[in-house]
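Me: I've got a structure to go through with you. Can you take my questions one at a time?

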Amino acid sequence: MSGAAWLVLDCAAGEAAFNMALDEALLEAMPRLEHPLLRFYAWTQPAASFGYFQNHAVIASLTALRPLVRRPTAGGLVPHDADWTYSVMFPPNHPWYSLPAIESYRRVHEWLRQAFAIANVTTEIAPSARKVSPGQCFAGHEQFDLLRSGQKIAGAAQRRRRDGLLIQGSVQPPPPGLPRRTWQPAMLEAARQWQGADWVEFGLDDELRRRADELAVRKYSQPGYNQRR
(Lines give C-alpha, C1' and ligand atoms only; values in the text may rest on other atoms or scores of the structure.)
Protein backbone atom coordinates (compact mmCIF):
# COMPACT_ATOMS: atom_id res chain seq x y z
CA MET A 1 0.00 0.00 0.00
CA SER A 2 2.57 2.52 -1.11
CA GLY A 3 1.60 6.07 -0.18
CA ALA A 4 -1.49 4.93 1.75
CA ALA A 5 -2.76 6.75 4.82
CA TRP A 6 -1.86 5.21 8.17
CA LEU A 7 -3.31 6.58 11.41
CA VAL A 8 -1.26 7.31 14.54
CA LEU A 9 -2.66 7.76 18.04
CA ASP A 10 -0.36 8.91 20.85
CA CYS A 11 -2.17 8.26 24.13
CA ALA A 12 -1.54 9.45 27.65
CA ALA A 13 -0.88 6.83 30.31
CA GLY A 14 -3.93 4.73 31.08
CA GLU A 15 -5.08 2.18 33.63
CA ALA A 16 -4.56 -1.47 32.74
CA ALA A 17 -8.23 -2.21 32.04
CA PHE A 18 -8.63 0.87 29.85
CA ASN A 19 -5.46 0.15 27.89
CA MET A 20 -6.78 -3.27 26.87
CA ALA A 21 -10.28 -1.93 26.32
CA LEU A 22 -9.16 0.80 23.94
CA ASP A 23 -7.17 -1.66 21.86
CA GLU A 24 -10.26 -3.85 21.49
CA ALA A 25 -12.48 -0.86 20.70
CA LEU A 26 -10.06 0.24 17.98
CA LEU A 27 -9.97 -3.30 16.58
CA GLU A 28 -13.77 -3.33 16.43
CA ALA A 29 -13.65 -0.02 14.58
CA MET A 30 -11.25 -1.17 11.87
CA PRO A 31 -13.96 -1.78 9.24
CA ARG A 32 -15.18 1.78 9.86
CA LEU A 33 -11.75 3.43 10.03
CA GLU A 34 -10.47 1.53 6.96
CA HIS A 35 -6.78 2.33 7.59
CA PRO A 36 -3.98 0.80 9.66
CA LEU A 37 -3.61 2.46 13.05
CA LEU A 38 -0.54 2.64 15.30
CA ARG A 39 -1.15 3.46 18.95
CA PHE A 40 1.52 4.41 21.49
CA TYR A 41 0.54 4.16 25.15
CA ALA A 42 1.81 3.86 28.71
CA TRP A 43 0.58 2.71 32.13
CA THR A 44 -0.51 4.77 35.13
CA GLN A 45 0.87 2.13 37.51
CA PRO A 46 2.95 -1.06 37.34
CA ALA A 47 0.85 -3.93 36.03
CA ALA A 48 1.11 -7.15 34.06
CA SER A 49 -0.86 -8.40 31.08
CA PHE A 50 -1.24 -12.03 30.08
CA GLY A 51 -2.49 -13.88 27.05
CA TYR A 52 -6.12 -14.53 26.29
CA PHE A 53 -5.68 -18.30 26.60
CA GLN A 54 -3.49 -18.37 29.73
CA ASN A 55 -4.45 -19.59 33.19
CA HIS A 56 -4.88 -16.74 35.69
CA ALA A 57 -3.75 -18.73 38.73
CA VAL A 58 -0.53 -19.77 37.00
CA ILE A 59 0.18 -16.17 35.94
CA ALA A 60 -0.54 -14.86 39.44
CA SER A 61 2.12 -17.21 40.81
CA LEU A 62 4.74 -15.92 38.34
CA THR A 63 4.62 -12.20 39.14
CA ALA A 64 3.98 -9.88 42.06
CA LEU A 65 2.81 -7.12 39.72
CA ARG A 66 -0.81 -6.06 40.14
CA PRO A 67 -3.24 -5.53 38.58
CA LEU A 68 -3.23 -8.51 36.25
CA VAL A 69 -5.23 -7.96 33.07
CA ARG A 70 -6.08 -10.51 30.39
CA ARG A 71 -5.18 -9.24 26.92
CA PRO A 72 -7.43 -9.63 23.87
CA THR A 73 -4.38 -11.18 22.15
CA ALA A 74 -2.56 -14.45 22.83
CA GLY A 75 1.03 -14.76 24.04
CA GLY A 76 2.55 -14.90 27.51
CA LEU A 77 3.03 -12.86 30.65
CA VAL A 78 4.28 -9.30 30.00
CA PRO A 79 5.32 -7.00 32.88
CA HIS A 80 4.48 -3.34 32.42
CA ASP A 81 6.63 -1.52 34.95
CA ALA A 82 9.27 0.11 32.74
CA ASP A 83 8.39 -0.82 29.16
CA TRP A 84 7.25 1.01 26.05
CA THR A 85 3.97 -0.35 24.74
CA TYR A 86 2.31 0.03 21.38
CA SER A 87 -0.41 -1.61 19.34
CA VAL A 88 -1.10 -1.71 15.63
CA MET A 89 -4.35 -2.65 13.92
CA PHE A 90 -5.11 -3.50 10.31
CA PRO A 91 -8.55 -3.60 8.64
CA PRO A 92 -9.64 -6.74 6.79
CA ASN A 93 -8.93 -5.16 3.38
CA HIS A 94 -5.26 -4.51 4.18
CA PRO A 95 -2.55 -6.93 2.93
CA TRP A 96 -1.22 -7.47 6.49
CA TYR A 97 -4.58 -8.97 7.48
CA SER A 98 -4.11 -11.92 5.11
CA LEU A 99 -0.56 -12.76 6.21
CA PRO A 100 0.12 -15.99 8.10
CA ALA A 101 0.53 -15.27 11.81
CA ILE A 102 4.25 -16.05 11.78
CA GLU A 103 4.78 -13.58 8.92
CA SER A 104 2.86 -10.71 10.53
CA TYR A 105 4.89 -11.39 13.70
CA ARG A 106 8.16 -11.23 11.76
CA ARG A 107 7.11 -8.07 9.94
CA VAL A 108 6.21 -6.11 13.04
CA HIS A 109 9.62 -6.85 14.53
CA GLU A 110 11.34 -6.00 11.27
CA TRP A 111 9.53 -2.67 11.53
CA LEU A 112 10.93 -2.19 15.04
CA ARG A 113 14.40 -3.22 13.91
CA GLN A 114 14.37 -0.56 11.22
CA ALA A 115 13.07 2.04 13.66
CA PHE A 116 15.87 1.33 16.11
CA ALA A 117 18.38 1.52 13.25
CA ILE A 118 17.09 5.02 12.45
CA ALA A 119 17.65 5.85 16.14
CA ASN A 120 21.23 4.44 15.90
CA VAL A 121 20.48 1.35 18.00
CA THR A 122 21.57 -2.02 16.59
CA THR A 123 19.10 -4.90 16.99
CA GLU A 124 18.50 -8.18 15.21
CA ILE A 125 15.66 -10.58 14.46
CA ALA A 126 15.95 -13.85 16.39
CA PRO A 127 16.54 -16.66 13.87
CA SER A 128 15.19 -19.31 16.25
CA ALA A 129 13.57 -19.71 19.66
CA ARG A 130 15.37 -20.04 23.01
CA LYS A 131 13.00 -21.28 25.69
CA VAL A 132 13.70 -20.49 29.35
CA SER A 133 10.41 -20.28 31.25
CA PRO A 134 7.14 -21.29 29.55
CA GLY A 135 4.39 -18.69 29.70
CA GLN A 136 6.62 -15.67 30.31
CA CYS A 137 6.99 -13.56 27.20
CA PHE A 138 10.33 -11.97 28.13
CA ALA A 139 12.05 -15.07 29.53
CA GLY A 140 14.07 -16.39 26.60
CA HIS A 141 12.74 -15.54 23.16
CA GLU A 142 10.67 -16.82 20.26
CA GLN A 143 11.70 -16.98 16.62
CA PHE A 144 11.41 -13.50 15.07
CA ASP A 145 11.48 -11.67 18.40
CA LEU A 146 13.75 -8.62 18.41
CA LEU A 147 17.11 -9.01 20.15
CA ARG A 148 19.76 -6.56 21.32
CA SER A 149 23.17 -8.03 22.19
CA GLY A 150 21.56 -11.46 22.18
CA GLN A 151 18.81 -10.57 24.66
CA LYS A 152 15.15 -10.07 23.86
CA ILE A 153 14.16 -6.42 23.67
CA ALA A 154 10.76 -6.64 21.97
CA GLY A 155 7.94 -9.15 21.76
CA ALA A 156 4.37 -9.06 20.56
CA ALA A 157 1.07 -10.93 20.58
CA GLN A 158 -1.69 -10.87 18.01
CA ARG A 159 -5.35 -11.60 17.40
CA ARG A 160 -7.04 -11.92 14.03
CA ARG A 161 -10.82 -11.51 13.93
CA ARG A 162 -13.39 -10.73 11.26
CA ASP A 163 -13.08 -7.02 12.04
CA GLY A 164 -9.29 -6.84 11.72
CA LEU A 165 -5.84 -7.81 12.95
CA LEU A 166 -4.56 -6.54 16.30
CA ILE A 167 -0.89 -6.74 17.30
CA GLN A 168 0.11 -5.64 20.82
CA GLY A 169 3.81 -5.10 21.43
CA SER A 170 6.20 -4.24 24.24
CA VAL A 171 9.78 -2.96 24.25
CA GLN A 172 11.71 -3.86 27.40
CA PRO A 173 14.05 -2.79 28.59
CA PRO A 174 14.20 0.34 26.45
CA PRO A 175 17.75 0.91 25.17
CA PRO A 176 19.79 3.04 27.61
CA GLY A 177 20.13 6.63 26.49
CA LEU A 178 17.32 6.41 23.93
CA PRO A 179 14.32 8.52 24.96
CA ARG A 180 10.84 7.46 23.99
CA ARG A 181 10.38 10.80 22.23
CA THR A 182 13.08 9.69 19.79
CA TRP A 183 11.82 6.13 19.33
CA GLN A 184 8.24 7.03 18.42
CA PRO A 185 9.12 9.30 15.46
CA ALA A 186 11.59 6.63 14.35
CA MET A 187 8.70 4.13 14.21
CA LEU A 188 6.79 6.48 11.94
CA GLU A 189 9.78 7.11 9.70
CA ALA A 190 10.57 3.40 9.41
CA ALA A 191 7.03 2.64 8.24
CA ARG A 192 7.15 5.57 5.83
CA GLN A 193 10.35 4.24 4.24
CA TRP A 194 9.40 0.55 4.32
CA GLN A 195 5.62 0.52 3.81
CA GLY A 196 5.03 3.90 2.17
CA ALA A 197 2.95 4.98 5.18
CA ASP A 198 1.52 8.49 4.93
CA TRP A 199 0.91 9.26 8.60
CA VAL A 200 -2.25 11.06 9.74
CA GLU A 201 -2.78 11.99 13.39
CA PHE A 202 -5.88 10.33 14.81
CA GLY A 203 -8.14 11.48 17.63
CA LEU A 204 -10.72 9.40 19.46
CA ASP A 205 -14.32 10.20 18.59
CA ASP A 206 -17.20 9.93 21.06
CA GLU A 207 -18.19 6.48 19.82
CA LEU A 208 -14.74 5.05 20.44
CA ARG A 209 -14.44 6.68 23.86
CA ARG A 210 -17.81 5.29 24.95
CA ARG A 211 -16.99 1.81 23.70
CA ALA A 212 -13.57 1.78 25.39
CA ASP A 213 -15.08 2.96 28.68
CA GLU A 214 -17.76 0.28 28.41
CA LEU A 215 -15.25 -2.50 27.76
CA ALA A 216 -13.01 -1.29 30.60
CA VAL A 217 -15.84 -1.33 33.13
CA ARG A 218 -17.77 -4.39 32.00
CA LYS A 219 -14.93 -6.63 30.83
CA TYR A 220 -11.28 -5.85 31.51
CA SER A 221 -11.70 -4.67 35.10
CA GLN A 222 -13.89 -7.64 36.03
CA PRO A 223 -12.49 -10.66 37.95
CA GLY A 224 -14.98 -12.80 36.07
CA TYR A 225 -13.17 -12.01 32.83
CA ASN A 226 -9.56 -11.89 34.05
CA GLN A 227 -9.94 -15.09 36.09
CA ARG A 228 -12.16 -16.94 33.65
CA ARG A 229 -9.61 -19.73 33.22
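Me: Start with Thr73. Which side chain does the side chain of Thr73 contact at 3.2 Å?
Reply: That of Arg71, in a polar contact. A polar contact is a pair of N or O atoms within 3.5 Å; within protein, one must be able to donate a hydrogen and the other to accept it, and residues adjacent in sequence count only if both atoms are side-chain atoms. Keep in mind that this is a predicted model: local features need pLDDT of at least 70, side-chain atom pairs count only at pLDDT 80 or more, and totals for chains, interfaces and linings use all residues. Residues are numbered from 1 along each chain as its sequence is written, and side-chain values use heavy atoms, with hydrogens and water left out.

Me: And which side chain joins that of Thr73 at 2.6 Å?
Reply: Gln168, again through a polar contact.

Me: Is Thr73 buried or exposed?
Reply: Buried, at a relative accessible area of 0%. Buried means under 20% relative accessible area, exposed over 50%, partly exposed in between (1.4 Å probe, protein chains only).

Me: Where is Thr73 in the fold?
Reply: In the loop between β4 (68–70) and β5 (78–80). Strands (E, at least two residues) and helices (H or I, at least four) are DSSP runs, numbered from the N terminus.

Me: Switching to the sheet. What is the strand order?
Reply: β7-β10-β11-β12-β6-β2-β1-β13, an open sheet of 8 strands with mixed pairing. Two strands pair if DSSP finds at least two bridges between them. The edge strands, β7 (124–125) and β13 (198–201), each pair on one side only.

Me: How many bridges join β1 to β13?
Reply: 4, and the two strands run parallel. Trp6 stands opposite Trp199 in β13.

Me: Now α1. How many of its residues are buried?
Reply: 11 of 13, so α1 is largely enclosed by the rest of the structure. Among them are Asn19, Asp23 and Glu24.

Me: What about the largest nonpolar core?
Reply: That core has 36 residues, and Trp111, Phe116 and Trp183 have the most contacts inside it. A nonpolar core is a set of buried Ala, Val, Leu, Ile, Met, Phe, Trp, Tyr and Cys residues joined through side-chain atoms within 4.5 Å.

Me: Which element gives the largest share of this core?
Reply: α4, with 6 residues.

Me: What does Phe116 touch?
Reply: Leaving aside neighbours within four places in sequence, its contacts (heavy atoms within 4.5 Å) include Trp84, Leu146, Ile153 and Trp183.
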